[in-house]
Amino acid sequence: MRKLDARDLCASFNPEDFPFKTTDDLKPLTAVIGQERAVRALELGLEMNGPGYNIFVGGYPGTGKATIIESIAKKFAAKRKTPPDLIVVNNFVNEYHPLVIELKAGNAQKFSKDMGRLIESLRQDLPRVFQGEHYQRERKKVTGEFNEKRSSLIDELNRKAEKQQIQVQYTEAGFQTIPMADKEPLSEEQYNQLTDAEKEKFIEAIKSVQTLISDTLREIASIDQLTQDALEKLNEDIGLAAVKPRIDHLKHRYPRQKSLRAYLDLVEMDIVSNLAMFLGQSADDAQAVENDGQEGLLPSENPFIRYRVNILVDNSTQKGGPVVFDSNPTYYNVFGRIEKRAILGGLITDFTMIQAGSLLRANGGILILDIESILQNPYVWEALKRSLRNQKVQIEDVNEQFGFSSVTSMKPEPIPLNVRVILIGRSDYFQYLQSVDDNFRKTFKVRADFDYEVQRSPSVEREYAAFIARVCTERELPAFTADGVAEILSHGSRLADDQTKLSLQFGELVSVIMESAHFAQSNDHNTVTTEDVQKAITERHFRIGLMEEKIQERYDRGTILVDTAGERTGQINGLAVYSIGESGFGKPVRITATTFMGKSGVINVERMAKLSGKTYDKGIYILSGYLGQIFAQEYPLSISISITFEQSYGGVDGDSASSTELYAILSSLSGYPIKQGIAVTGSVNQYGEVQPIGGVNEKIEGFFKVCNQKGLTGEQGVIIPEGNVEQLMLNREVTEAVAAGKFSIWSVSNIHEGIEILTGKPAGEMNKRGHFPRHSVYGEAQRKLKDYVVKSLTMKQRLAPGKKEKDDASASDVTD
């Protein structure tokens, strides 16, 4: 037991120990403070080349994980080879399955422009080629040759027909046969004057000529087909002669690109096969070429879209591997999408509407994702694991994948994937995924945990100062003086709730730094001093302190009953912490205990009213164990003890009031009153050892505020566990009151020490017979418990006279 000095109540930081006057004298921090374990894990995951070495980063929110991870990731990614560009091009064989081609970084835009120039030049040059003298001459040569054959067949037909006195005439309806006489065609009148024999002879001749006509027509059709084939061959040869050199030139510009050269071969074949587009045929013809008889693809007004290059990933400005942070990891944002457009009540698309997701943009580098956002978005988690396991990305319509759409969409070929994924989230997500997902450990082999505090040392304090310098430089804030830095360090220890440590919650620290600079500038200060930092912290507490202020009013008005002076038996001030959003504050609560004869043991009113949590109930059971261990070694306890938190109507949990409740029980049993100016916190074990608790600073400051409002007497204070002393980081108001002797703080290791402070009476030491001395707290408690036993036995004797002799003997043993 000891009464703490003001120097014990918070960590001290002497500005004179710092080797600088302001943070302008310091080099801004470039290292990472206090995260060696996490950094080494990150470095391992980023250095390993094997599959599955993706990283899960866990830790307390606000420790700067995202910033640190991005910085380390960029350092490692810069050492990697710049990944290739990715383009999507039309698959002329099957337009529903576009081709994905890798190009050297920076070549995607170049190739896209080259293809655009190629198609534009062909649109202008091919018509001139087919209108040129050479083509016309060759075409006439082909058509002339076949026309001669055609004319020869018709002449032969006419000669054979004339021999049979039949003339063959050509009309729009086809061939027409007319009887002849003296090499002149007969008129209808002349034909009617013929005899029946002569008419019959002409009819037979016409039948014979009709057969000749049919044979001749078949031969002409064959000649026409040969003519068309020859013209098509001519067109292809002429077109190929014009296209091939340009395609070969493109191939020469992109050597060692096998897939690209193969694509250019397909482009060459398609252009030659669809010369009609380039020669300015009708829109209907062009549309037929574009759709190629398939449904569901985009009917474009521009048939040349089939030769367009869709740049999926452009790494032209990338140096080394990319680092991508996807803050909204929906399925389409991560894996890419195939956009659609509504036309005439239907959805249509083409390969130019395929877009890459963050997984492809990070290909060859590092992708950073938030695990909570991933789990909140449907389908993303399973698809991500599948892509990492197969080392391929498939861009597809998720509705079609899960059978939610009956419309057939495009499906590009799978794309090889080489990416390291870093997931950021709370540690409980890691534990959850490990327990429910068998593949999680195989896919994310590296765990990096970020600490929320660091052991205080001169080197860490210098790094803290350099961090402040970095924030000031990056955000163009005025420099901090040495005493301003000391105040930030003190706030860092308060955030850590430990005099020997500093908080690594850089999000909170940056806010305080910026707000301190704001108040400095508002007061026309050139630098940020300790007063500016104190102002920022005070204003922050004021902004979030509405609820605390409202509760404090209830103490001031006496609505909540708490005594801060005098003595009461079986009544004590416990301390509780209220957590409302980002605001946490402590306030006293009256705890009372009554003891009486019975067999119920410790009756917890909160538990009976179903207002207590499991941890609180455990603390109550521990009290029963302690009382039995101390007072029931020779005879059973015949007692009922009722304990309650007065004016508490909400839930109660935690065991930090168990020692407080035990003090109230001992006071009730012994009859010695407890000083009401002292509040108590601390849990207890079955051997009476007082154990550390959380929120010790908030609890002390909360009770101090109540005492200060009611008036400080110099007799008030708080008893805390010895194990919490190093965690004290009390505000200036409390430390000044302690230094002035107006308020006290004691630390205790066991119940004996605490009860002596509270009652001013000796606790008492048990002798060899198991008895405590009279006029001690434990002695008087033991005497009352014996009285309860005797009275209990006496009552039994009255109710069962036949047992008088046995009960008398038992009562005698107890009184001895």
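Leaving aside neighbours within four places in sequence, with which residues is Thr-735 in contact? In this predicted model, local features need pLDDT of at least 70 and side-chain atom pairs count only at pLDDT 80 or more, while totals for chains, interfaces and linings use all residues. Residues are numbered from 1 along each chain as its sequence is written, and side-chain values use heavy atoms, with hydrogens and water left out.

Thr-735 is in contact (heavy atoms within 4.5 Å) with Ala-6, Leu-9, Cys-10 and Leu-730, its neighbours within four places in sequence being left aside. Thr-735 lies in helix 26, residues 732–739. Helices here are DSSP runs of H or I with at least four residues, numbered from the N terminus. Thr-735 has 11% relative accessibility and therefore counts as buried. Buried means under 20% relative accessible area, exposed over 50% and partly exposed in between, with a 1.4 Å probe and protein chains only. Asp-215 is 520 residues from Thr-735 along the chain, and their C-alpha atoms are separated by 122 Å.

Two helix pairs were examined. Helix 1 (residues 36–47) packs on helix 2 (residues 65–77) at about 35°, with the axes 11 Å apart. Axes are lines fitted to C-alpha atoms, for helices over the stretch in contact, and angles run from 0 to 180 degrees between N-to-C directions. The crossing of helix 1 and helix 2 is right-handed, that is, the near helix is turned clockwise from the far one by less than a right angle. Helix 1 contributes Val-39, Leu-42, Glu-43, Leu-46 and Glu-47, which meet Ile-69, Ile-72, Ala-73, Lys-75 and Phe-76 of helix 2. This contact has seven nonpolar, no polar and three charged residues. Ala, Val, Leu, Ile, Met, Phe, Trp, Tyr, Cys and Pro count as nonpolar, Asp, Glu, Lys and Arg as charged, and the others, Gly among them, as polar.

Helix 6 (residues 196–253) and helix 7 (residues 258–273) pack at about 155°, with their axes 9 Å apart. Helix 6 is therefore roughly antiparallel to helix 7, a term for angles over 145 degrees. Their crossing is right-handed. Residues of helix 6 in the contact include Gly-239, Leu-240 and Val-243, and those of helix 7 include Leu-264, Val-267 and Ile-271. The contact divides into eight nonpolar, one polar and six charged residues.

Helix 18 (residues 482–496) has 15 residues. Of these, 13 are buried, so helix 18 is largely enclosed by the rest of the structure. Just after helix 18, Asp-497 takes a positive phi of about 55°.

Methods:
Parallel < 35°, antiparallel > 145°, perpendicular 65-115°, else oblique. Expected span 1.5 Å × (residues − 1).
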